Amino acid sequence: MHTPQSEAHRLDQTDPGHRHLFHVPPADGGDHPESAYLAGNSLGLQPRATRDELLADLDAWGRLGVEGHLEAERAWLPYHELLTAPAARLVGARPAEAVVMNSLTVNLHLLMVSFYRPAGARTRIVIEDSAFPSDSYAVRSQARFHGLDPDDTVVRLRPRPGEDALRTEDVTDYLAAEGDRVALVLLGGVNYLTGELLDIPAITAAGRAAGAVVGWDLAHAVGNVPLALHDWDVDFAAWCSYKYLNSGPGALAGVFVHERHLGDPDLPRFEGWWSTAAATRFEMTPVSRPPSTVQAWQISNPPIFAMGPVRTSLELFDAVGMPALRERSLRLTGWLERLLDEVTVDRPLRVVTPRDPARRGCQLSVRVGAGNAAELTKRLRHEHGVIADAREPDVVRFAPVPLYSTYLDCWRAAAALAATVGVTR
Ligand SMILES: *Cc1c(COP(=O)(O)O)cnc(C)c1O
């Protein structure tokens, strides 16, 4: 690798992020005190503000007991409403279209209760062959729930032979040809394995034109790329908050339902006391009166101590702004790509993420040869203090996160890879 470390220091001077707002884990090896943390696509770092905010919510419980429902500074009963507007801004939704609740796969199921309604010949669910396993299990179990054979019902779209990522046309061509058999399209906005960003508006339009419902799993897209779910006419979406949203392990997740579906009495939905309009919650009537917002998809009262970290994180995204983050992300990931080019040119390594910055977020995935990913990732961590993650059998993922990653992190990752993987001749 010929780019010198001094170049990284220079870039960190001219293009700093917001690393000072986060706790960065100490390095477990190598020459630097802090780790080069490039695993924010798996678990984002802890914002320094989270701890005090969380403790304030905890203290309110100690001080107020049950009265905290109404009297806490951030009263618990309407707590979720504090998160609605910032979550909506982040995904390009109207406030009525976004809510924070549950966890991602649970929400996918609750949304499929409403939006996967196989009928006649229209039964198929289209996913990508490299879908995250949880999504794959979820859609297969939904097919079985409807008495269908998942092997016939779930269609897995693959990249063309010799290609690593799906092309938009691979999806839209399928929908044009077979769309009248498709009930639901459920794809990852950014693929967890390859880091590919799909053309969400084009695929949504093609799916809806074919008469299907189009939902998106935005686990790897939210907080990573700008989103405009309302304008893109997306039917529904779900995301988790512990990856790019830095809200902590197992954090509460988010849901979007497009305005055109809100208040529709014909949509099946599972309900609990948080599904009824807030003003009716304590009327103790046997029949609910759900609001014409996505909050009707809520079921239970939310875990308040899990809401605080999401709120803190969303405030940070509001303060910095997704457009600025995306700009820095393009520069940072572009730089890592250049360094990886220097490393991969004469080594048995290959970047499988699309080269076009418009077709990816911040993650770059490297194919390292079958069976090598876990061992290589371990060595990066213990010998160089570089934290990346392995996805079996052969992918190592590096995600420079524009909020807190640095050019030096990228340089250390590329240099560690060069030191760890032998040159082929
Ligand atoms: C991270 C991730 C999940 C994780 O599911 P949980 O319900 O949060 O445990 C699911 N799907 C995708 C695409 C993911 O990237």
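1. Let's start with F305, which sits in helix α10, the element covering residues 304-320. In this predicted model, F305 has a relative accessibility of 32% and therefore counts as partly exposed, since that class lies between the 20% and 50% cut-offs.

2. F305 also takes part in a nonpolar surface patch, together with L55, L58 and W61. The patch covers about 370 Å². Which helix gives the most to it? That is helix α2 (residues 50-64), with 3 residues.

3. On to R412, a residue of helix α13, which runs over residues 407-420. Is R412 buried or exposed? Its relative accessible area is 6%, so R412 is buried, the limit for that class being under 20%.

4. The surroundings of R412 are worth a look in your viewer. Apart from its neighbours within four places in sequence, R412 is in contact with A27, H32, E34, S35 and A36, and also with H384, G385 and V386.

5. D394 is a loop residue, placed between β14 (389-391) and β15 (395-398). With 16% relative accessibility, D394 counts as buried, because the class takes in values under 20%. Its side chain makes a polar contact with the side chain of R367 at 3.1 Å. Leaving out neighbours within four places in sequence, the contacts of D394 are V366, R367, V368, G369, A370 and A373.

6. Now for the whole chain. Its secondary structure consists of 13 helices and 15 strands. For 425 residues, a compact globule would have a radius of gyration near 22 Å, and the chain has 22 Å, so the two agree. The C-alpha trace spans about 75 × 60 × 30 Å along its principal axes.

7. A few totals to close. Of the 425 residues in the chain, 56% are buried. Among contacts with a separation of 6 or more, 72% come from residues 24 or more positions apart. The accessible surface of the chain is about 17,700 Å², and carbon and sulfur atoms account for 54% of that surface.

Definitions and conventions: Residues are numbered from 1 along each chain as its sequence is written. This is a predicted model: local features need pLDDT of at least 70, side-chain atom pairs count only at pLDDT 80 or more; totals for chains, interfaces and linings use all residues. Side-chain values use heavy atoms; hydrogens and water are left out. Helices (H or I, at least four residues) and strands (E, at least two) are DSSP runs, numbered from the N terminus. Buried means under 20% relative accessible area, exposed over 50%, partly exposed in between (1.4 Å probe, protein chains only). Contact means heavy atoms within 4.5 Å. Patches are made of residues with over 30% relative accessible area and no salt bridge: like charges are joined within 9 Å, nonpolar side chains (Val, Leu, Ile, Met, Phe, Trp, Tyr) within 5 Å. Accessible areas come from the Shrake-Rupley method with a 1.4 Å probe; for residues, only the protein chains shown count as cover. A salt bridge is a side-chain nitrogen of Lys or Arg within 4 Å of a carboxyl oxygen of Asp or Glu. A polar contact is a pair of N or O atoms within 3.5 Å; within protein, one must be able to donate a hydrogen and the other to accept it, and residues adjacent in sequence count only if both atoms are side-chain atoms. The radius of gyration is taken over C-alpha atoms; the globule rule is 2.2 Å times the number of residues to the power 0.38.
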